Amino acid sequence: MSSMNDKLNEIMLMAGQFTFSEITKRQFSVNIKSSGLLSVLGLLRQKGFTHLSLITGIDRLNDEKFEVVYTLFCWESGETILVSTLVDRKTPVLPTIMEMWPVARFYERDVHEFFGIVFDGNPDLKPLILENWSEIPPMRKDFDPHKYSKEHFPDRKYNADFLPEGGGEDE
Amino acid sequence: MIITILSAIALLILAFAYTVTLEGIARKIEARIHRRCGPPFWQNFIDIFKSLTKHSISHGFIFDFGVLMALGGTIATVLFIPAGNLVVFPGLDNVFVIIYLLAIGLLGMAMSAVGSGNPNASIGIGRALTQMLGYELPFMIVLLGVFFHFRTSSLSELAVLQNSGGTYNVLIMPIGAVVGFVSLMGMLGKKPFDTFIAPAEIASGPLVEYSGKYLGLLMTQHAFGTFIEIGLFVNLFLGGGKTIWEFLLKFFLVYFLAVIISSIMPRFRVEQAVKFYWKWPLILSFIQVVIVVFIMGRRV
Amino acid sequence: MNNEQTAWERVANMLRARSLWMLYYCTGCGAIELPPTMTARFDMERFGIGPMATPRQADILLVTGYLSTKTLRRVIYSYEQMQAPKYIVGFGSCTINGGIYYDSYATINRLDLYVPVDLYLAGCMPRPEAIVNGFKNLMDKIDQGEATGWKDYEANYEWYRKNQIDALGEVYIHDEFHE
C-alpha cells in the first residue's frame with residue numbers, strides 16, 4: 001500500500017491537476033481531460049501498469065457526453081487503475097493508444113461499433129461483433145432495443161385464455 | 001468351386017455379424033467401466049442400418065469410387081484370413097498377400113477423403129498415414145522373426161504348426177507378442193492411438209463428408225478391418241484355433257483386452273505416437289529377432 | 001400427419017428412433033446441461049443417442065438457448081448441410097418466445113419461423129431429467145411418423161426463406177479472414 005501511495009504521489013507531482021479516488025483496497029480511479037490522455041497513460045505504463053485490461057464506454061445522455069474508461073493493471077502489486085475521460089457526444093474523437101498496447105485495436109473497434117466514438121489513428125475500425133448493422137450504434141441510450149426487436153423479430157402470439165385479467169399480449 | 005463360394009459367403013457373414021456384435025458389447029463394457037449402463041449390444045447394427053436409410057450426397061466420381069474401392073479391397077482381404085478350420089483359399093493365404101490387400105482399403109479411403117475437398121479429411125488422412133509409418137515397422141520386424149523360426153509365411157500353416165506343436169507363439173516369443181499387441185492397437189485405431197479419427201478435434205477426420213449410405217458402407221468396412229487385424233494377430237500368436245469356436249473365443253479375448261485398455265486412456269498426438277512406436281516397441285522387436293535368430297534357431 | 005406408413009417406413013422409423021446422433025450446436029447457455037446428461041449419472045447413450053461431430057452425419061440439430069442473428073446464419077448453413085431425415089430440437093425458452101432476451105436487438109424470438117422445429121423443451125434451462133423425457137417424446141414421435149420437419153422445410157421453403165431474409169437481411173456469411 002505504501003508503495004502504491006508513493007507511486008501515486010510521484011505521478012501527481014509530475015502531472016499535476018488530478019486526484020486519485022480509492023474504490024476498494026487495490027482499485028483506484030481517476031478522471032482526466034481527453035487532451036492529456038496519451039501522456040497520462042504513458043506515464044502509468046512506465047510506472048508498472050503495463051497490462052491493458054479493457055476499454056469501454058458509458059453514455060451520459062444527461063450531460064451530452066460519452067465517458068470512455070481504460071482499465072490498467074499492474075502485475076507486481078496487483079492494483080487496478082480506471083482512467084476515464086469525457087468526450088463530446090456530437091463529435092466524439094479520441095486519440096488511439098495502439099502504439100502503446102497493440103491489443104487496443106480490438107477494444108477500440110468494439111467501442112466504435114457500439115457507441116460511435118472515432119479513434120484517430122486506428123486504421124481498422126470495421127465492425128467486430130454485429131453483422132449488417134444499419135441503425136445507430138446500439139449501446140447509446142437513445143436507441144430502443146425493444147422497439148427494434150418487435151419490428152424485426154416477430155413474437156409468438158398466445159391465445160388469450162390463459163393471460164391474466166387486464167394483461168395485454170406482450171407489453 | 002461351390003464349396004469355395006459357400007465358405008466365402010459364410011466367412012463374410014460371420015465376420016460382419018460377429019464383429020458388429022462385439023463392437024456393441026465393447027460399448028457396453030466401456031459403459032460399465034464408466035459406471036453407467038450402456039446401449040444394448042445390438043446398437044451398432046441399428047447404427048449401420050439407420051445410416052443406410054438416410055439420404056446421401058455425393059461429391060463426384062472419385063468420392064464414390066474410393067468408397068467402393070475401400071469396401072471391395074477389405075472384403076477381398078477378409079477372404080484370406082483363416083478362421084479356425086474355415087479356410088476359404090487353402091494354400092493361398094500368405095501374410096504378404098494380406099498386407100498388400102490391406103493397402104487397397106486404406107488407399108481407397110484416402111482417395112475418396114481427399115476427393116471430398118474438406119481440409120479436415122486431408123488432415124485426418126495425413127495423420128493416419130503417418131501413424132501407419134509408426135506401427136508397421138516394429139510389427140514387420142517381429143513378423144520376420146516368426147517367419148524365420150517357422151520357415152513358412154502362410155497363415156493357416158502357422159496356425160496348424162502352433163496347434164500341433166503344443167505351444168502358442170505368445171509363450172515362446174512373449175516380447176514379440178507384446179509388440180504385436182501394441183501395434184494392433186495402433187492398427188485398430190483405439191485410444192491412445194485414435195488421433196486420425198479424433199472426433200472433437202478435426203470433426204471425425206477422414207469420415208467428415210460421408211453421409212447416409214456412404215457412412216453405412218464405411219462402418220461395414222471398419223468392422224471388416226477390425227476382423228482382419230485381430231484375426232491376423234490371433235493366427236500369428238495365439239494359434240488360430242482347431243475349431244471355429246476356439247477362434248471366436250480367442251478373438252473375443254484379444255478384443256476385450258484392447259477395449260479395457262483403451263477405455264481409460266487419453267489420446268496421443270500423432271508425433272508422440274510415432275515417437276513412441278520407434279522407441280520401445282522397436283527396441284523390443286529387435287531384441288526379439290536377435291533372440292529368435294541366434295538363440296532359438298529354426299524350428300526342426 | 002400421415003399415420004399410415006408402409007412397412008418399409010415403419011422399419012426405417014424404428015431404426016431412426018433408436019439411434020439418434022446429435023450435432024452439438026451449443027449456441028447458447030443451454031449447452032451447459034448437456035454434459036451432465038451425457039455422462040454417467042443420466043446416461044443418454046443407453047437410448048442410442050450419441051454425439052456426432054459433423055453435420056453431414058448427424059440426425060438432430062440441438063439448438064440450445066438464444067440465437068443471435070450472427071449464429072442463425074450459421075445454423076441455417078448447418079441445417080441445410082444435414083442429410084434428410086433430420087430433426088431439430090429447440091432447447092430452452094429462448095427458442096420458444098425469446099426468453100429473458102425478448103427485448104434484445106440481436107436475438108430472435110421465435111425459432112420456428114426460420115427453421116422447422118420438431119420438439120421444444122421448456123425451461124431455463126431444462127434439467128437433465130427433462131431432457132431425457134423430451135428425447136423419449138421425440139423417439140415416440142419419430143416412431144409414429146409425425147416428426148416431419150424436414151419435409152415441411154422442403155415444401156414451404158419460400159415462406160421460411162422470406163422470414164429468414166426479413167430478419168437477417170441476407171443469409172450469406174462474410175468471412176473476415178478470407179475477404
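Helix H1 (residues 2–33) and helix H11 (residues 244–262) of chain B pack at an angle of about 40 degrees, with their axes 10 Å apart. Here axes are lines fitted to C-alpha atoms, for helices over the stretch in contact, and angles run from 0 to 180 degrees between N-to-C directions. H1(B) passes H11(B) in a right-handed crossing, the near helix being turned clockwise from the far one by less than a right angle. The contact (C-beta atoms, placed from the backbone, within 7 Å) involves Tyr18(B), Leu22(B), Ala26(B), Ile29(B), Glu30(B) and Ile33(B) of H1(B), and Leu248(B), Phe252(B), Tyr255(B), Val259(B) and Ile260(B) of H11(B). Ten of these residues are nonpolar, none is polar and one is charged; Ala, Val, Leu, Ile, Met, Phe, Trp, Tyr, Cys and Pro count as nonpolar, Asp, Glu, Lys and Arg as charged, and the others, Gly among them, as polar.

The structure is a predicted model, in which local features need pLDDT of at least 70 and side-chain atom pairs count only at pLDDT 80 or more, while totals for chains, interfaces and linings use all residues. Residues are numbered from 1 along each chain as its sequence is written, and chains are lettered from A and ligands numbered from 1 in the order in which they are written.

Chain B comprises 13 helices and zero strands; helices (H or I, at least four residues) and strands (E, at least two) are DSSP runs, numbered from the N terminus. The radius of gyration of chain B is 19 Å, close to the 19 Å that the globule rule gives for 300 residues, so chain B is as compact as a globular protein of that length. This radius is taken over C-alpha atoms, and the rule is 2.2 Å times the number of residues to the power 0.38. Of the 300 residues in chain B, 45% are buried; a residue is buried if 20 or more other C-beta atoms lie within 10 Å of its own, exposed if 12 or fewer, and partly exposed in between.

The largest nonpolar core has 52 residues, and those with the most contacts inside it are Val78(B), Phe227(B), Ile230(B), Phe233(B) and Tyr255(B). Such a core is a set of buried Ala, Val, Leu, Ile, Met, Phe, Trp, Tyr and Cys residues joined through C-beta atoms within 7 Å. Helix H10 (residues 212–237) of chain B gives the most to this core, with ten residues. Residues up to four places away in sequence aside, Ile230(B) touches Leu184(B), Phe251(B), Val254(B) and Tyr255(B). Another core, of 35 residues, lies apart from it and includes Ile49(C), Leu62(C), Leu67(C) and Ile142(C).

Chain C has seven helices and five strands, and 42% of its 179 residues count as buried. Ile100(C), in the loop between helix H4 (94–97) and strand E5 (119–121), is exposed, with 11 other C-beta atoms within 10 Å. The C-alpha atoms of Ile100(C) and Tyr120(C), 20 residues apart along the chain, are separated by 17 Å.

Of the two pairs of chains that touch, chains B and C have the most contacts. In this pair, 17 residues of chain C are in contact with 27 residues of chain B, and the chain C side divides into six nonpolar, five polar and six charged residues. Chain A and chain B do not touch, their nearest C-alpha atoms being 25 Å apart.
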